[in-house]
Every structure is written in C-alpha cells, then in structure tokens.
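Trainee: I have a model open and some questions about how it is put together. Shall we go through it step by step?

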Amino acid sequence: MAELQRPTLCCCRKVLTVPSKSCEGGRALGQCRLVDIASASNFHSFKLRHFHLDLHLNFALKRMTGWQVLELVPIQPGVQTLVLDTHPSLHIHSIDCKVPGAAGSPDIFLSLTYRVDPFTDYGSSLNISLPATVIRPHRALQITIRYTTTDGPAIWWLDAELTCGQTRPLVFTQGHSVCNRSFFPCFDTPAVKSTYSAAVRVPEGVTVLMSASRSAYSKSDRVFQFSMEFPVPAYLVALVAGDLQHADIGPRSRVWAEPCILPCAVSKLGGSVERWLAVAEGLFGPYVWGRYDIVFLPPSFPIVAMENPCLTFIISSILESREFLLIDVIHEIAHGWFGNAVTNATWEEMWLSEGLATYAQRRITTEAYGEAFTCLETVFRLDALHRQMRLLGDNSPVSKLQAKFEPGVNPSSLMNLFTYEKGFCFVSYLSQLCGDIKRFDSFLRAYIEKFKFSSVVAQDLLDFFLGFFPELKESCVSQREGLEFERWLNECGPPLFEPDLSAGEVLTGPVQRLCDLWGSPDTPEAPDTAAIATFDLSSWSTFQTVLFLDRLLDRSPLPHEVMSQLSQCYSTLLDGMNAEVRIRWLQIVVRNSFYPDLPCVRSFLLKHTSRMYTVPLYEDLCGGVMKCFAVEVFYQTQARLHPNLRRTLQQILFQTSGGATSASSTALPALPCTAAPVLPTDGPPPVLAPPILAPPTTSPPPAPTDPPPNGTIALRDVNVSA
Ligand SMILES: [Zn+2]
C-alpha cells in the first residue's frame, strides 16, 4: 500500500545513502544502512565496544541505583551528540566523559550536559552533548551515566507474597522487545551487539543471576560480578535476584529456582537438557554460549519463556504441563543459534528469529521424539494460526513477515503467531526447495557459522541461501520473484506453503475422529455415545487433548445437550489434568455459559495467578454473560496478582469497550488481547500500583445486556514463547 512505502528504504530494509539506487537484490555493504524505527539512538555514529553496569538493588524502595560505563568509538566525522534510548522511569543524575590522553598526555575528564526528549510511549531519547574539542573519529571514549531506575517496563519487582516461596521479594527484568531502555540507557536496537559486564550489590540472602557467560560472588562485599564475553543486543541483557537455589542437571546446565520448586523443576528436566543440546549441536553446529542454565520464575513472569543467553527465563506455571515444558525449553535452546547467535537486525523482521527458532525446535523434536510428535505439535499451532487468520481477516498487515512500522508502533504489538508459524512455514518452504532436509540442516549450520554474533536482514539469509544452493539461483528467472520470496515476505494472508504433516496422522487422526463424533453445526443429530466411549482421553498426550479441546472451542457455542454430554464424559477427567488442558476445557465451559461447571472455573482462577492462565478466561467471562462471576472472583484473588496483571484485568472487567491491552498509536491494528504474549510494554509504564479495589457494598456491576460476540475479543493465547 502506498502509505506504507518508505522510498528512502532499500529493498534490503536498509536506508539508502544514495537515494534511488537500490541494492538490486544484493546486500551492498557501505551503500545502505539499517534503519530501526523503534530506536531513537544514533547507533550508526558509534561503535559500542563494551558496557559495564554497577547497580545496587534496593528491594524496599524498588529501586536500582548505580552507574553505567559505555566504551564507545565515534565512527563518523563531526559527531557532536550521543543519542541513547531511555525511559521516563529512569532518572539520570549525571553524565561524565573520559577521553584517554594522546601520546603520554593525561586523560581528559569532562562533565557533560544532556537533555531528555520524548520519543514514543515506550521510551525517550537521551541526547548527550559531546565536547567537540576532544571528540575525534576512531578515538575511544568512556561515558559514565549515573542513574536510578524504578519500575519501568523492563523491571518487575515482586513482593514476597507474589513469589512461590512467599518468604523474600524477587526482581526480574524482561528486555524483549524494547523494554531494556528502562533498565539502562542504551542503543536499544537488535542491530547493535556488544559484550557487557556487571557488578550487582544486594542484601544478604539474595542471589543474583544474569544472562552472562561468567559470574562470581564476593560474600564479604555481597557483590555479584558478571561478564558476557560474547556480543549481545541490549534486549538480551537480563537479571533476576531473589531467593534462588540451584542444582546441576548436566555438564553445562543447571536449574535455578526458589527452593520450594527446585526439586520439581529438577525432576522434570534432569537428563533431558543435555540430550536436547547434543541433538541441536548435531544439527546446527556447536553451542556457542558455554553454559545453558534455566531459571524458573514466579507466575508473575509476563510471558512463557525468554531466551536470555546462557540463562533461559521460564515461568514456573509451565512445570505441570510436561509436553509444553519440553517444547518451550527446546524452543529456547533453539534460540541459542537462531535469534541469539544470529539476530534479526530490526523488529520488523522478527520472523528471522522466531520462524527459524520454531523450525529448529521442530528439527530437534523430530530427532529426539519422532516425526509424529512433531507433526502433532505443528498441527496444533497451525490450527491456532488459522484461527488468528479467521479473526483478523486475510488482509491484516500483522500477517506480513516483513512488517512495516509507523513511528510510535511498539514492536511488542507485532509479537504474534505469524511471526512464529508463518515464519516457520517459510523456512520449511526453503527446506523443501532445496529438496533434502539434511542438506538444509547443512545450510543452517553454514548460516550460523557465517553470521554468528551479528544481526541480519532477510536479504542476508536469502542471498546466502541462493549462494549455498546455486542450482536454485540458476533455475529461477529472477532471484526473488522466481522463488516467490517477495510474496512470502510482503503479502498478507496465510502461508503460501505448509509442510506435509501426514506423519502426525497416527496422533491427530483419533482427535479429528472424536471431534467428528461430537457433531458439527452441520450435523444436528445427537452424538453417538457408544462410539465416543471407545476413545480413552486419559491415554492421550497433552497435545492431542488440547488439539481436541481447541477444535471443540472453535465450534462453540455448542448445543446445550452436547455441552451437557461433554461435561458428563470429560469434566472430572479433565479437571485432574494439567493447566494447559484445564484452561481450554474451562474456556469451553465459559463460552457455552455452562453453569454446572462454573465452580471449576472459580477454583482454577483461585489457584492460577499467571497472565497466561487468567487473561484468556477473564476475557471469555466478560465477553459472555458471566461478568458478575468474573468480578466476584477477581475481588477474591486480586491481592495475589502482580500489579501489572491486576491492571490488565481491571481493564478487561471494567472497561466498557475496546481491547484491554492494545498498544496506542499503532499504524498496525493491535491484536485482540491475548493473541500475542502480552508484554509489559503495552501502554504507558506503571507509575503507581493500581489499588486493590474494595468489593462494592451492593452487588457487582450488572452484566452487559448485549455482550459482544465472543470472537471479537477472545483470541486465545496459544502458549507462545518469546
Ligand atoms: Zn522464540
């Protein structure tokens, strides 16, 4: 569309230094440079060699105070300003500069002036004036920024009551996509990578972990020291501090968790992680990060998992769903190659990380657990993709692999199933083009070897692909159009190709047959209960059960008779299963307004306090006729919810219209509430925790007399990891 064209952008998503001359399909280094519309910084003007954080964590005040040292080299002549990304929740005290003296002369120390300007609703720009007299291209300088940061989008302070053990407070950070500018001033773009180090001072009894390759602890000073010796983008710098203990589960892996959940975590993962790493190394080459550790976080963690290098962050709620835990950890392991070693250079091409990681995850599960299991999991996710497609329509711009942001769009709003699953289908298409899955593995190995520790655009991947398979390059009329790369990248709508999943038939077949027995809107006759009784759900895998429930959910509302029979057959059985199964069954209960099973909804919401297990149910409750019930349960549980989640649920419960978590000022339509993992960047950052609301002295607000149709607001989260 015309309004989405940006004539200054080259076909390879880099801005042209020579306007009107494109790369003509090739990456012409030096001719074009990358634009990251989500960053206010002037990262092109500097080489960031390294940065160091020195922080003191104050749990009582929920503050991090300290300083950051950036080691920079100006690489352009005439640079007079250093512009960094920052956030209104980050308060700067002072900025100094040290320039090493030339040829024996003493170092120069200067205090710098600075100004903070508005940028978007997810950040500000920090403009630091550099002294023209001492700044020279290629002459290194050190900038020291003293600052305090509180509870911006990246930083999640949990009171003791919100932790699993409920004995000590905990804090974690979550940088993806553009949150870390509230953690430390930075070039907050995935295009820039650097090494970093940190010293973190905490009260006694608190353990600090970071996404770093080396760590040390000085007990006398209560200082944790970290060093990340491999270059990473700002969003992959992560910290967690609390009552954390560890157990080794392999030669290079340990599990970290609060003491009360550590034994469970170890029992679920012991022995498996090293096996998965070994399979991944066999496919994609050496694991470059040294350690692969995992830290389990309390239910307040806002997404399922995050691929922080050396230290995956994962929500403890997933522990009860063994197959989802397995998939999520393998997905994060896959990011060790795809996303972390080789990173998408802008957030507009997030599929380069997520699509490739999803493909790699499925190559690992195919090797470790067989094709049938992998196909079942893929069918389940592609079902979800098509569900999103039905809700958004074929022309939704979020269905493009190469999204185009308008200024102000929060990249987190682009985190959706297309990024993962349409990206996966494109990678599968490339694999099919080359004709041999093992040859494609070799290509991916070579791709990692060539681009590791750098950031790429799609053109880099595709050029390398055509270079690796020259026969494909020759066989098509033009590099892009002949192989339909352009359509894949820039067209809305469903994937142009989906892989053959017939190897999963042995597992998906029974699911579909049972669904058919329960009837469809076209077959109004009563279900054949005798035939239905021959299916034993208790012997099914979790993915079979959730696929069955998702397909029933797609058909809801069901005839009341059918719903009654479903409840009779399955309610007790499903209520004893894991949370991924239960939430789907309870959504069926809610969307069908089936009151006899409402106590199960209440007990589920009383138990689960994570975003992924509450938001979808509350949305369904409020989208139907059960809003009073939802309000009542909310009043019972709100004190145990993280303030950010409490705020989201208050919006769902008490807003009369509109999505609860949609990003503001987006050119792309924000997805309905839970289509994407709901990141803390949605909306302005919290300044004060929302108050715990007193229940009304009279009855709760009446249910809307004309509830919106379910489909408009109830797009389910399908357990998308970051
Ligand atoms: Zn991912």
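Trainee: How many helices and strands does the secondary structure of the protein come to?
Mentor: This is a predicted model, where local features need pLDDT of at least 70, side-chain atom pairs count only at pLDDT 80 or more, and totals for chains, interfaces and linings use all residues. Residues are numbered from 1 along each chain as its sequence is written, and side-chain values use heavy atoms, with hydrogens and water left out. Helices (H or I, at least four residues) and strands (E, at least two) are DSSP runs, numbered from the N terminus. The count is 20 helices and 24 strands.

Trainee: What is the mean pLDDT of the protein?
Mentor: pLDDT is the predictor's confidence in each residue, from 0 to 100. It stays under 50 over residues 1-31 and over residues 657-688. Where pLDDT is low, the predicted coordinates should not be read in detail. Still, 85% of the residues reach 70 or more, and the mean is 87.

Trainee: What percentage of the residues count as buried?
Mentor: Buried means under 20% relative accessible area, exposed over 50%, partly exposed in between (1.4 Å probe, protein chains only). The protein has 722 residues, and the buried part is 61%.

Trainee: How is α2 oriented to α7, roughly parallel or roughly perpendicular?
Mentor: Axes are lines fitted to C-alpha atoms, for helices over the stretch in contact (heavy atoms within 4.5 Å). Angles run from 0 to 180 degrees between N-to-C directions; under 35 is roughly parallel, over 145 roughly antiparallel, 65 to 115 roughly perpendicular and the rest oblique. Helix α2 (residues 272-284) and helix α7 (residues 437-451) pack at about 90°, with axes 7 Å apart. That makes the pair roughly perpendicular.

Trainee: Which residues of α7 make the contact with α2?
Mentor: From α2 come Gly282, Leu283 and Phe284. The α7 side is Asp441, Leu444, Arg445 and Ile448.

Trainee: Within what arc do the buried residues of α16 fall?
Mentor: Helix α16 (residues 598-607) buries Leu598, Cys600, Val601, Phe604 and Leu605. The face turned away carries the exposed Pro599 and Lys607. The arc is taken from the directions from the helix axis to the C-beta atoms. Seen down the axis of α16, the buried residues line one face of the helix, because they fall within an arc of 155°.
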